[in-house]
Amino acid sequence: MGIINLLIFTFKNINRIIKCKFILTTPKKSKYLLFDRERLHFINNYKILNNLHILDVRFESINLPVLFKTLKNSGINNLSKNYIKNYIIEINPKIIFTFTDYNPTFFLLKKLVKKTTFKTIAIQSSYRSITIFRIFEKKKYTEYESDYYLYLNDFTKNNFIKKIISSRFINIGSFKNNSIKKNKTSRFDILFISQYKSHFIKDLKKVYFRELKILKWLIKISKECNYTLKVAIKSNISGKVEKLEICKKKYLKDFGFLNFSSLVGEDNKKNNYNYIDEANIVVFSDSTLGLEALARGAKILSYPPKWYSVKKKEFFWDDKFSYIKFRKTLKSIITMKKKKWENYVKNSPLKPKNDDGNKIFHKIIKKYG
């Protein structure tokens, strides 16, 4: 990174740098290193990781002794990667893992930090499309590697990840979903999972076209068939929980055709996984939580954008967007017997596996930690 590129980089990230915490002491040795604190809340209750250190890569913090050492040894050239390399050398971890499975730098660590014995574990934290992996450079495809890649479902692994990264792939389903106990008790008919984020809104009809349309269809069908409809909205963004009542009011500003009472979400009593377990069918456009519902034994129906399409069509997952087909498929799935549903979906590449309590992750941690 030359001086001009450094200045451009600093200018683009000035707001985050201003908020950054500067640490004055050299980082202590640690067995476990989390690369990027994103989704740190996934492991808050994992006692096995009590000797955990976090390497911030989004300017949450900068360790000044490591930064000065990096500048002294290699100047400003490749400053970010050299900082990460020196940080890892100081920590001397046995295991480095991340939930940011789309960060190319993580998959270069074993080449960046030479003569090392640490193991790297990438954990897929949500559903991925090919657009996520465009940040990876094609000329480096033979260099991207990790010791383990714990992935969500076979479709994502076979179509995207495996073509870019060399690793030992293990299907664990959803790490977060595996941490939450299932309690399947039907209490209402339809749960729609919203992807709406108020701070991302630019053009509601363009960004949330499918969500708007599906919800209006669901309201119409619910009235005709006397179905109970709930809409699960987001109140937890990267571990930061906003009050549910505030989230509901924001949602209704743009989805005013819904009732306040039909909106549900995470609060002190329940989370959206609880509502999944209570629904007869879970409907969504593109949602990791929707695929997690499939792993929890729920019936699902999805009409994703075309870039989420699968080559082999699934009757519960289709991008052909018409009301007549939607209504027919929805009613068919709602009335379908549990055993028939399970036979239909058991071999689907979209279905995440279950690893209750994340036993596979624990096993790897114990083996090398």
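Predicted model: local features only at pLDDT ≥ 70, side-chain atom pairs only at ≥ 80, totals over all residues.

Mentor: Six strands form an open sheet in the order β3-β2-β5-β6-β7-β8, and their pairing is parallel. At the edges stand β3 (52-55) and β8, each of which pairs on one side only. Neighbouring strands are turned by 25 degrees against each other on average, direction ignored.

Trainee: Which helices pack on the sheet, and which strands does α4 touch?

Mentor: Helix α4, residues 79-91, packs on the sheet and touches β2 (32-35), β3 and β5 (95-98). The direction of α4 makes about 170 degrees with that of β3. Helix α6 also packs on the sheet, where α6 touches β7 and β8. The direction of α6 makes about 170 degrees with that of β8.

Trainee: How should I read the pairing around β7, and what is the bridge partner of I121 there?

Mentor: Strand β6 (residues 119-123) and β7 run parallel and are joined by three bridges. Within β7, Y148 is the bridge partner of I121, and L150 stands opposite I123. On pairing with β8 (residues 166-171), β7 again runs in the parallel sense, over five bridges. Y148 also stands opposite R168 in β8.

Trainee: What handedness has the unit made by β7, helix α6 and β8?

Mentor: The unit is a right-handed β-α-β unit, with α6 spanning residues 154-164.

Trainee: Is β7 mostly covered or mostly exposed?

Mentor: As a general idea, the side chains of a regular strand alternate between the two faces of the sheet. In the present case, six of the seven residues of β7 (residues 145-151) are buried, and the strand is mostly covered.

Trainee: How is a helix such as α4 to be read, and which of its residues are buried?

Mentor: An α-helix has 3.6 residues a turn, so residues three or four places apart point the same way. The buried residues of α4 include L79, N82, Y83, N86, Y87, E90 and I91. I84 and I88 are buried as well.

Trainee: How many residues has α4, and what follows just after the helix?

Mentor: α4 has 13 residues and reaches 18 Å from its first C-alpha to its last, close to the 18 Å expected at 1.5 Å a residue. Just after α4, N92 takes a positive phi of about 55 degrees.

Terms used: Residues numbered from 1 in each chain as written. Heavy atoms only, no water. Buried < 20%, exposed > 50% of the residue type's maximum accessible area, 1.4 Å probe, protein only. Helix = DSSP H or I, 4+ residues; strand = E, 2+ residues; numbered from the N terminus. Pairing = 2+ DSSP bridges. Right-handed = clockwise from strand over helix to strand, strands pointing away. Axes fitted to C-alpha atoms, helices over the stretch in contact; angles between N-to-C directions. Contact = heavy atoms within 4.5 Å. Expected span 1.5 Å × (residues − 1).
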